[in-house]
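I am jotting down what I look up, one entry at a time.

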Amino acid sequence: MFEMFKDKWILEALKGSSLGTKLSAIKKFIVDKSKIDNLTKCALCPNMCRFACPVSVVHARETTSPSGKSRIALFLKKNYIEKNETNIRPLYYCLACDSCSVSCPYNFSVNELIRPLRENYYKLAIYPQELRELITMLKEFKCIYNLSNKKPDIKNEENINIHEALLYPGCIMMKYYPNNTNVLSKLLEIMDLSVKVFSEMIDCGFLAYELGAHELFLEIASELANKINSYNAKYLITVCPECTFTFRDVYHDFKIKLRPKIYHIAEFINERMEGFALKQNLKVTIHDSSTLAIKLKKPNLLNDILKRIEGLEVILPVRYGLNTFEIVGENSFLYWVDRDLAYEINKERGEELSKFANNIIVASFAAKKSFEDLGYGVKEISEFIWDLINGLGESK
Amino acid sequence: MVKEVMRKAPKRPEIVEELKKLIGSRKVSNNLTDLISYSHDYWPITFTWLLNGSLPALPDVVVFPEDARDVIQVVKFAYNNDVPLYVYGGGSGVLGGAVPEYGGIVMDIKKFREIKINDIDMYVEVGAGANGMILEEFLNRHGFTLGHFPQSLYTSTVGGWINTKAIGQFSVKYGGIEDMLLGLEVVIPPGELLEIKPNPRAAVGLDLKQLFIESEGLFGVLTKAYLKIWPYPEKRILLSYVSDNLEDALKSVREIMLSGAKPAVIRVYDKIETLKWFHMIKKAKGKVGTIIILEGDEDLIEAEKIIVNKAFKNALSTGEEPAKYWLENRFNVKEISDYLPLGIIIDTIEISVGWSKAIELYNDVINAIRSVDGTLIAFAHASHFYPQGVCFYFIFGGLPSNKSSVLDYYNDVWESVMSTVIKHGGAISHHHGIGRMRANWVEKNMGKVAYHLFKKLKQCIDDKGILNRGNMGV
Ligand SMILES: Cc1cc2nc3c(=O)[nH]c(=O)nc-3n(C[C@H](O)[C@H](O)[C@H](O)COP(=O)(O)OP(=O)(O)OC[C@H]3O[C@@H](n4cnc5c(N)ncnc54)[C@H](O)[C@@H]3O)c2cc1C
Ligand code: SF4
Ligand code: SF4
């Protein structure tokens with residue numbers, strides 16, 4: 001209604017009220033209104049974005065709905081309820097996907113509103129006990145896993161001496177798909193890029209950041225940035241949308257400088273696939289990553305790439321692009337806090353997609369892993385394209 | 001410490017463990033955060049309390065059933081142990097209908113969200129907890145629409161719609177939820193599943209579906225509904241008009257309603273609200289704007305357009321723009337968030353009345369609201385129409401003076417509006433229902449005999465009064 005006020009029509013509407021009432025209202029509209037904080041506004045909202053929130057849809061509980069979380073956050077902030085592990089738990093029932101922001105009349109992301117509270121409670125060492133192990137790993141290995149014995153699968157690494165691009169595989173790819181580093185670097189080379197693979201296992205810091213462990217994030221990010229910058233690469237190619245977002249936006253916010261231009265692999269493929277006449281007779285559907293679609297503002301990226309493949313039938317699911325339905329990867333704290341719910345969310349999405357096609361194309365190895373765990377046929381976009389280039393794609 | 005403003009019964013912590021044993025601990029919670037979340041719905045006055053850490057009433061426990069068996073078990077338990085049981089959908093009810101006034105159990109029904117389309121018999125079988133927008137998007141993706149667009153579409157549930165007799169913005173064409181309901185499944189005390197199958201029409205004894213429409217959780221726990229669906233409309237036509245006054249606009253709409261044409265949307269704004277929705281039309285200032293949206297088969301809506309234009313022949317035709325603007329902004333709900341923290345209470349009151357008394361009632365209600373000291377704004381639109389009359393949707397906002405509290409101001413406005421509507425013989429609610437806010441006026445509005453019968457029915461179905469104890473005053 002403030003817009004109404006700005007539109008001046010509310011002044012007309014106020015005409016019928018007494019002078020005293022009118023004056024105090026105008027003071028409130030002009031002076032006090034700007035002081036209302038966003039968390040309070042969200043706590044007072046009738047949950048207008050709940051249909052878009054994967055946690056809310058699947059968990060189907062008020063406390064973990066978007067405004068439900070904000071209400072609990074407000075009660076914690078105002079000390080109406082005690083700050084203990086049980087009471088703060090709802091703040092961790094979030095995928096940091098920003099899907100709420102798409103239909104929010106204020107464009108709020110609940111995650112953005114409640115992260116500052118997670119930060120405060122992290123400082124007080126109050127967080128769900130299931131996160132302890134993860135935090136220990138982050139502190140010890142600067143990565144959500146101990147990957148000290150994993151190495152990227154790069155055979156021609158030493159032969160490349162001009163490295164235009166640095167490929168940063170990220171934690172999930174290194175843990176579960178280290179062989180794909182080879183595929184990826186070959187794909188990038190075919191796309192006219194000389195590549196070196198970043199081989200130290202420091203993660204991008206996304207989880208530390210989202211948990212509110214900001215000092216830890218700074219420690220991880222600064223070390224990683226130094227190492228990345230030391231490669232003197234022109235481009236930094238990531239395979240995980242969360243890495244891309246963290247490098248591009250969060251590092252920037254924390255004033256951590258990364259010199260190379262940052263690309264998600266799908267963005268890079270989209271730019272350079274022109275010269276390849278790709279064909280495939282296949283029916284596929286897509287799972288858009290919310291980080292790519294919403295945070296990085298690339299809602300049509302996967303579809304744009306796939307549309308250019310002759311013979312490929314891309315069947316869009318009910319929820320795609322900006323309205324995508326995020327799943328829970330191991331790089332999300334909800335995976336660690338409530339694995340049953342993570343499984344349910346992924347199953348819901350998998351079932352939706354499999355009604356449209358047996359082959360799901362994703363733009364993240366975390367998503368690939370989650371769908372594979374459930375037994376769905378899934379390909380990450382770079383491996384899908386690589387298989388097409390090499391004539392390895394199946395026809396169905 | 002959170003304070004409870006309305007709780008009327010002692011705490012019963014012992015029921016938590018028993019329920020856990022009954023349906024599994026994963027589906028039962030007495031965490032403080034859950035008790036807080038289910039202590040209120042979207043009744044605006046209770047949000048003024050919430051800002052100060054006070055809540056209407058905490059339940060003793062919240063349950064999250066996953067199938068009809070769980071529901072039956074809980075209803076049996078509540079019945080055998082005389083524990084109040086409140087059903088919770090989206091919590092978007094605006095009158096306190098879901099407030100667990102007597103504590104006990106709140107049952108969140110949102111896990112019931114399966115959607116199955118029957119595209120031959122043209123209905124959807126849908127869980128009572130299904131979210132409106134998810135349902136509509138699912139139907140659209142498969143080429144259908146429900147045609148039900150309450151402003152709370154994004155947040156409310158099918159079960160909530162039926163239990164409050166909700167209506168959507170496209171009601172002139174598609175009707176209210178009562179026109180869409182073909183069948184249902186509901187668990188009634190002492191724990192039985194009642195099924196009403198989806199037939200096009202049935203004359204097989206009393207139509208028991210009616211018992212559950214606008215029953216606000218008093219008669220049973222709705223678990224499933226069968227709702228009519230329509231092919232996704234082929235085409236839309238957006239129209240708008242500016243009339244000299246409300247009377248002229250309503251006359252035009254009445255003509256349309258009597259012609260048999262069925263525009264999907266008709267919205268008539270009073271002079272004040274016209275300033276908002278027709279802000280882009282200079283000539284609308286000081287006049288009454290009407291938005292009309294036609295949708296469906298192309299030939300049919302072209303014919304309807306002729307009828308609409310004829311009915312508004314004395315008005316100024318103002319094109320697509322206002323309707324477009326409305327379509328884009330109709331779900332932007334910000335009022336409570338923007339104004340409540342300033343101490344300004346905002347609420348809406350929807351009522352219905354026959355054509356013959358429409359203008360008089362509109363004027364009297366606006367005057368009644370304005371007569372309450374502290375009122376800042378009072379305006380209205382009419383957005384649901386029938387050959388017999390109209391629903392007015394009043395919006396008021398006030399900043400209580402130093403002498404009165406927000407609650408006093410709020411109650412005074414409600415009292416003045418309700419008594420005005422009753423005096424004119426209108427219905428005190430058109431689609432939000434009764435809840436706790438309107439309970440005091442139900443008997444007067446229904447009539448003594450009808451209210452007595454209503455109470456007897458409640459007694460007959462739920463003899464221990466476990467379901468939504470305290471609601472509607474029954
Ligand atoms: C912003 C906003 C806009 C709105 N716009 C409209 C509108 O355009 N049209 C309209 O009609 N209403 C509107 N409403 C009111 C409200 O959305 C409706 O009353 C809606 O039907 C409530 O649904 P819910 O799922 O949120 O129900 P709740 O609020 O959870 O419950 C409402 C009542 O129904 C009972 N109940 C809910 N589910 C069940 C069940 N499965 N079995 C038994 N009892 C049950 C509850 O106990 C309670 O008494 C609006 C509300 C808001 C906040
Ligand atoms: S960020 Fe995602 S998971 Fe978190 S509240 Fe918003 S929509 Fe839900
Ligand atoms: S994020 Fe926006 S739409 Fe969602 S609950 Fe908060 S204010 Fe409402």
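How many residue pairs are in polar contact between chain B and chain A? I count 20, with both residues at pLDDT 80 or more; a polar contact is a pair of N or O atoms within 3.5 Å, where within protein one must be able to donate a hydrogen and the other to accept it, and residues adjacent in sequence count only if both atoms are side-chain atoms.

A note on ground rules: this is a predicted model, where local features need pLDDT of at least 70, side-chain atom pairs count only at pLDDT 80 or more, and totals for chains, interfaces and linings use all residues. Residues are numbered from 1 along each chain as its sequence is written, chains are lettered from A and ligands numbered from 1 in the order written, and side-chain values use heavy atoms, without hydrogens and water.

Next I checked confidence. Chain B has a mean pLDDT (the predictor's confidence in each residue, from 0 to 100) of 97. For the complex, the predictor gives an ipTM of 0.97 and a pTM of 0.96.

Back to the interface. I find 64 residues of chain B in contact (heavy atoms within 4.5 Å) with 58 of chain A.

Then I looked up salt bridges (a side-chain nitrogen of Lys or Arg within 4 Å of a carboxyl oxygen of Asp or Glu). There are four between chain B and chain A. Arg113(B) pairs this way with Glu348(A), and their closest N and O atoms are 2.5 Å apart.

Last entry, ligand 2: the residues around it (a heavy atom within 4 Å) include Cys53(A), Lys69(A), Asp98(A) and Asn111(A).
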